[in-house]
Each structure stands twice: as C-alpha cells, then as structure tokens.
Amino acid sequence: MDLINMKPETDNLQPKLKVCGLTRLDQIRELISMKTDFLGFIFYPKSPRYVLNHLNTEDISKIEHHAKTGVFVNEEADQITDIAEKAGLNLIQLHGDESEDFITELRQKLNQEVKIIKVIRIGNNDQETKEKLQQTINAHLSIVDYFLFDTDGKAFGGTGKQFDWTLLDTLKIPLPYFLSGGISEENVKNIDLLNPKPFALDINSKFEFEPGNKNIEKIKNYIEVAHKAL
C-alpha cells in the first residue's frame, strides 16, 4: 500500500502513525517490524535528536521503508535536496519559517515522488490566530502535500506540549494533516472528536527514555490504546 499517496476517504479511517526523532538502527528495525507508517529523522543540527550525530545518510538510505521523513528547519534548498537523495528520503518536513517561494523552489529541485509536509505551529486559540492559520493553510494548498499541526514554542522543534486541538475544528483543512504536540495514551481518545480527523499522528518526546532513545514498549502500548479509542 502506498501510504504516501493515500488520501483519507472517510473520517472512520484509523490515523497512521509517525515516530519522529529516530537515531538508533535497532529501534528503527523494531518499529518497522511493528509496521510503523512513517519514520522521522531530524536533520536540524541544534536538535538533541540530530540524526547525523548517530547515523550517516548511507545508513538511512539502507533502511527499507516507504515513508522515511526528513525534518528540516530553515535549511537551504540545495542541502535538503542533497540529503534527500543521499538518504533516500520519501518525505520532507519543513519545520521552520520557510516561505511559499522557498517551498516552490524546493519542489522544483526535489525528485517529483518526494512529498512535502509543512509544519504549522499553533499557540493561542483566538479569532486572530484562527484567521492567520486559515490564511497560511490557503496559501500552501498548491505547493505542499500535507500539513502538520504542532504546538508553538520559543525554539524550533517539538515542545511535547498539547495545543487546543478544538481549534482545528474551526478551520477548513483540504489536505491530509499530521497531528503533533503532546500526544499520549491519556489524551489520544480526544482525537476522535476532531473533524476532519488527522491523517496521521506524530509522536516523539513523550515516548523516550532520553532524546533519540525511544521507549518501544510504551509505543506498543500507545498503539494498542489508540486502536481501541479511535
């Protein structure tokens, strides 16, 4: 099944799972055996989960998976393209302040089969915020394949904190979206209330012993809870 090109046809579909911040090959192999839908690798040098401190692009290229996702923050288009080719990435996740012109340029340079996820960070739940979010969504519809909604923070990257998910119900989101920001076994049941529901859930820091070292048993338990709740 081609998950990258699959679009949700109904709200009843079980959201896919993306595990981000991967750094260890043994854990990656186990996640693949668990049929994890998206594998996330952070190529942001300031991140404590910077993958190139642990693996090189050749290591990543040898990982047999159909949805290897590279996370970049305000990186140059040529650098993203180079890493995408060397690491065999299937998706590019833009987590910085990348402009629409930049994304258009990047799209032209990337292999046409590589998909783009644009992260939109959410802070307050007020009318001004909603209007700005809708404008941002509308401006990116023709140049990205997915959105990812995450909690805004002082620094780039995930915060492990949850924003007010009900805000998404007030927006028109024509593209499939990933939901991130503090997802846990305790709050996953609330995702079922969203309309439209997320295409995929993105988990990271709440499922680690330390940055980049995943708690596989906790991820397994989360999957079991999510399947019952959603």
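The model is a predicted one, in which local features need pLDDT of at least 70 and side-chain atom pairs count only at pLDDT 80 or more, while totals for chains, interfaces and linings use all residues. Residues are numbered from 1 along each chain as its sequence is written, and side-chain values use heavy atoms, with hydrogens and water left out.

**The whole chain**

The secondary structure of the protein chain comes to six helices and ten strands, where helices (H or I, at least four residues) and strands (E, at least two) are DSSP runs numbered from the N terminus. With a radius of gyration of 16 Å, close to the 17 Å that the globule rule gives for 230 residues, the chain is as compact as a globular protein of that length; the radius is taken over C-alpha atoms, and the rule is 2.2 Å times the number of residues to the power 0.38. Buried residues make up 53% of the 230 residues, buried meaning under 20% relative accessible area, exposed over 50%, and partly exposed in between (1.4 Å probe, protein chains only). Among contacts (heavy atoms within 4.5 Å) between residues at least 6 apart in sequence, 64% join residues at least 24 apart.

**Helix 1 and helix 6**

Helix 1 (residues 25–33) and helix 6 (residues 216–229) pack at an angle of about 20°, with their axes 11 Å apart. The axes are lines fitted to C-alpha atoms over the stretch in contact, and angles run from 0 to 180 degrees between N-to-C directions. That angle makes helix 1 roughly parallel to helix 6, a term that covers angles under 35 degrees. In this contact, Gln27, Glu30 and Leu31 of helix 1 meet Ile216, Ile219 and Lys220 of helix 6.

**Backbone details in the loops**

Most residues other than glycine have a negative phi, and most peptide bonds are trans.

Lys35 lies in the loop between helix 1 and strand 2 (38–42), whereas Asn74 is placed in the loop between strand 3 (68–72) and helix 3 (77–87). The peptide bond from Asn195 to Pro196 is cis, with omega near 5°, and Pro196 is found in the loop between strand 7 (177–179) and strand 8 (200–203).

How values were computed: Parallel < 35°, antiparallel > 145°, perpendicular 65-115°, else oblique.
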